[in-house]
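Thanks for passing this one along. Here are a few notes to read beside the structure, in the order I would go through them.

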Amino acid sequence: MMNRRYVSGLISPSKKVFKDIFHGSSSHKYTKTFSWWKILLSSSIMLSAFALANNLLTGLILAAISTLFIPATESGWENLLRVKLVPKVKLFITGLLIIFSIPVSIASHHFQLQKEQERALLAQAEKQKKELEAKNEAIQKDSLHHYLKLLDAPAKDIDKSLRLIDRANTFAKFSDEIDQLTNKRNKLRSTQIDVLIKHGKYSDALGKLDDLIAQDKNVDHYYRRAVCYQKLRQPQEAVNDLTIAIALGSTAAQRLYNTINPLRKRIIGYVTRCCDGTTSNARGRGACSWHGGVCNWNDPIYQEYRQYE
């Protein structure tokens, strides 16, 4: 086998690409010194690149530029690019990366501006929505207060007051406001029914009582409807309402019930009445022999009942 050895000076120093790779002696150890201030400066530049860049891609580009000047990563670039990172090469690569980062930065800046404008428009729209809701709520409260103030006055025209309640109800938003208007409406209707009954308009009062009872199962409503049924000669319907009113505790309903539907008696049979007050089923000579004899052979048996049930 042919022995090979290194011959120094075979390649002139100006033609070498990697000037410090080949050595005159295998025992000679290659060493390279680093400038620590350069390392610190480059590391600071790389960290600042991430902090100051307006987007991730620009930060990566600036960080990549800084690694060109850090000795620890410089050799990695040389192996990747297969070229010695002399100052001119570093400057060229840096220029390319900076040129590439400019449109990226502009596009990112434009994107961020667009996002900020969208957020500003959304915030403005939300603000206008809240202002409109607040304005509508203020109008609603003012309108409702106006109608309630009108309704506080004594009701001279009940129909007009009921129409006012219907208008006020369009501005009622909360349950307590709706309940307040409902109570006012029911009181006005009740007053209106009393006026109709007083003037003998029982049919008109009956229809309004039907509507009122559908909303409010008040004992007084049932009693007054029973009165209307009585006046219209509908006793069975009157008894039905009076039964409900009695169950709800009305003593007036009980009195009217006894008037319309009093207790009656009817004969359901006959018995033999002994003179001592006892009864016997016997019809012959021995009947009531131990009870003082027979006082009435056909003493009637009565049953109490009411005509309307």
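1. Please start with residues 21-32, where pLDDT stays under 50. This is a predicted model, and for that stretch it has seven contacts beyond four places in sequence. Where pLDDT is low, the predicted coordinates should not be read in detail. For the protein overall, the mean pLDDT is 79, with 78% of residues reaching 70 or more.

2. On to the layout. The protein has ten helices and three strands. Reading from the N terminus, the order is α-α-α-α-α-α-α-α-α-α-β-β-β. Among contacts between residues at least 6 apart in sequence, 48% join residues at least 24 apart.

3. A word on burial and surface. Of the 309 residues, 27% count as buried. The accessible surface comes to about 22,400 Å², and carbon and sulfur atoms account for 57% of that.

4. Next, the largest nonpolar core, which has 22 residues. Ile193, Ala205, Cys228, Leu242 and Ile260 are the members that touch the most others. Two or more residues each come from α6 (175-198), α7 (202-215), α8 (219-231), α9 (235-247) and α10 (251-260). There is also a second, separate core of twelve residues, with Leu151, Ile158, Leu164 and Ile165 among them.

5. Ile260 deserves a look of its own while you have the largest core on screen. Leaving aside residues up to four places away in sequence, Ile260 touches Gln230, Pro235, Ala238, Val239, Leu242 and Tyr308. Of these partners, Leu242 is itself one of the core members that touch the most others.

6. Beyond residues up to four places away in sequence, Asn186 touches Leu212, Gln215 and Asp216.

7. Finally, please turn the model to helix α4 (residues 87-152), where you will find Ile98. Together with Ile102 and Ile106, Ile98 makes a nonpolar surface patch of about 270 Å².

How values were computed
Residues numbered from 1 in each chain as written. Predicted model: local features only at pLDDT ≥ 70, side-chain atom pairs only at ≥ 80, totals over all residues. Heavy atoms only, no water. Core = buried A, V, L, I, M, F, W, Y, C linked by side-chain atoms within 4.5 Å. Buried < 20%, exposed > 50% of the residue type's maximum accessible area, 1.4 Å probe, protein only. Helix = DSSP H or I, 4+ residues; strand = E, 2+ residues; numbered from the N terminus. Contact = heavy atoms within 4.5 Å. Areas by Shrake-Rupley, 256 points an atom, 1.4 Å probe, with all protein chains shown as cover. pLDDT = per-residue confidence, 0-100. Patch = residues over 30% accessible without salt bridge, like charges linked within 9 Å, V, L, I, M, F, W, Y side chains within 5 Å. Salt bridge = Lys/Arg side-chain N within 4 Å of Asp/Glu carboxyl O.
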